[in-house]
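This briefing sets out selected features of the structure shown below. The points are grouped by topic.

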Amino acid sequence: MTNTPVIGVLALQGDVREHLIALAAADAVARPVRRPEELAEVDALVIPGGESTTMSKLAVLFGMLEPLRERVAAGMPVYGTCAGMIMLADKLLDGREDQETLGGIDMIVRRNAFGRQNESFEAKIDFAGIAGGPVEGVFIRAPWVESVGAAAEVLATYDGHTVAVRQGNVLATSFHPELTGDDRVHAYFVDMVRAGL
């Protein structure tokens, strides 16, 4: 296939390996990204689930926070799952005072909104723009979107709460599609990236 995108997975913390596998299955070249020079070599980035406060601290520690903000502001396609969604929010509810986000989507996100670790669950999610029926969503201490601005498009809801949002080149889901073996959300993101190459 021509114009195969090179997509990084932010490898500071979280389920990096599963995203690398899902991206490769969706015909992208996938590689871990830990340093600014690695970020400079990718066309797009996935920010995995994990612990959002830890991830923001590690981004500062590794000198990644400002380079990430610059690339997002410059229009690099980014997809964030769970903690990645929190990192892409313009505003947070229930975040720590020192918690940094990258911004990118005009949305307010509530951390751990679906409950604690032992309240994790799976659900079928109707996802706008993805054919073949609902996608399987794994929710682990998942956030939800309290509200979105005019530029953001809601792609999926669950139980009355927004769980997938897109704004331009930036995509975010509350849930983890990389844990299901269904690569359609990653394929959707790869198509977004490919459209901009």
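A search of the whole structure, which is a predicted model, finds ten aromatic pairs. One of them joins F114 and W144 in an edge-to-face arrangement, with 5.0 Å from centre to centre and 85 degrees between the planes. Ring pairs link F114, F121, F139, W144, Y158 and F175 into a cluster.

**Aromatic pairs**

- F114 is placed in the loop between β6 and β7, and W144 in strand β9 (residues 144-148), so their pair ties together parts that are 30 residues apart in sequence.
- F114 and W144 are both buried.
- A second pair is formed by F139 and F175: the ring centres are 5.6 Å apart and the planes stand at 50 degrees, so this pair is tilted.
- F139 belongs to strand β8 (residues 135-139) and F175 to the loop between β12 and α6, so the pair ties together parts that are 36 residues apart in sequence.
- F139 counts as buried because its relative accessibility, 1%, is under 20%.
- F175 is likewise buried, with a relative accessible area of 0%.

**Positions listed as active site**

- In an unreviewed entry, UniProt lists C82, H176 and E178 for "active site".
- These residues are spread over 97 residues of sequence, yet they cluster in space, with a largest C-alpha distance of 11.1 Å.
- From this set, C82 and H176 are in the lining of the largest pocket.
- H176 is located in the loop between β12 (170-173) and α6, and E178 is found in that loop between β12 and α6 as well.
- H176 has a relative accessibility of 4% and therefore counts as buried.
- E178, at 7% relative accessibility, also counts as buried.

- Beyond its neighbours within four places in sequence, H176 is in contact with D15, G49, T81, C82, V138 and I140.
- The side chains of H176 and D15 are joined by a polar contact of 3.2 Å.
- Residues up to four places away in sequence aside, E178 touches D15, E18, H19, T81 and H186.
- The side chain of E178 makes a polar contact of 3.4 Å with the side chain of H19.

**T81 in strand β4**

- T81 lies in strand β4 (residues 78-81).
- With a relative accessible area of 0%, T81 is buried.
- Not counting residues up to four places away in sequence, T81 touches H19, I47, P48, G49, T173, F175, H176, P177 and E178.
- A polar atom of the T81 side chain lies 3.2 Å from the backbone nitrogen of G49.
- The C-alpha atoms of T81 and S56 are separated by 14 Å, and the two residues are 25 residues apart along the chain.

**Helix α1**

- In helix α1 (residues 16-25), the buried residues are V16, H19, L20, A22 and L23.
- Viewed down the axis of α1, these buried residues fall within an arc of 170 degrees, so they line one face of the helix.
- An α-helix has 3.6 residues a turn, so residues three or four places apart point the same way.
- The buried residues of α1 pack against β1 (6-10), β2 (29-33), β3 (44-47), β4 and α6 (184-195).
- D27 follows α1 and has a positive phi, near 70 degrees.

- R111 is buried, with a relative accessible area of 12%.
- A polar contact of 3.3 Å joins the side chain of R111 to the side chain of S52.

Note on methods:
Residues numbered from 1 in each chain as written. Predicted model: local features only at pLDDT ≥ 70, side-chain atom pairs only at ≥ 80, totals over all residues. Heavy atoms only, no water. Helix = DSSP H or I, 4+ residues; strand = E, 2+ residues; numbered from the N terminus. Buried < 20%, exposed > 50% of the residue type's maximum accessible area, 1.4 Å probe, protein only. Contact = heavy atoms within 4.5 Å. Polar contact = N/O pair within 3.5 Å; in protein donor to acceptor, adjacent residues only side chain to side chain. Arc of directions from axis to C-beta. UniProt positions renumbered as here; feature names shortened; annotations may be inferred. 1 Å grid on protein atoms, 1.4 Å probe; cavity = no way out; pocket = protein on both sides within 12 Å on 5 of 7 lines; lining within 4 Å. Phe/Tyr/Trp six-rings, centres within 6.5 Å; stacked < 30°, edge-to-face > 60°.
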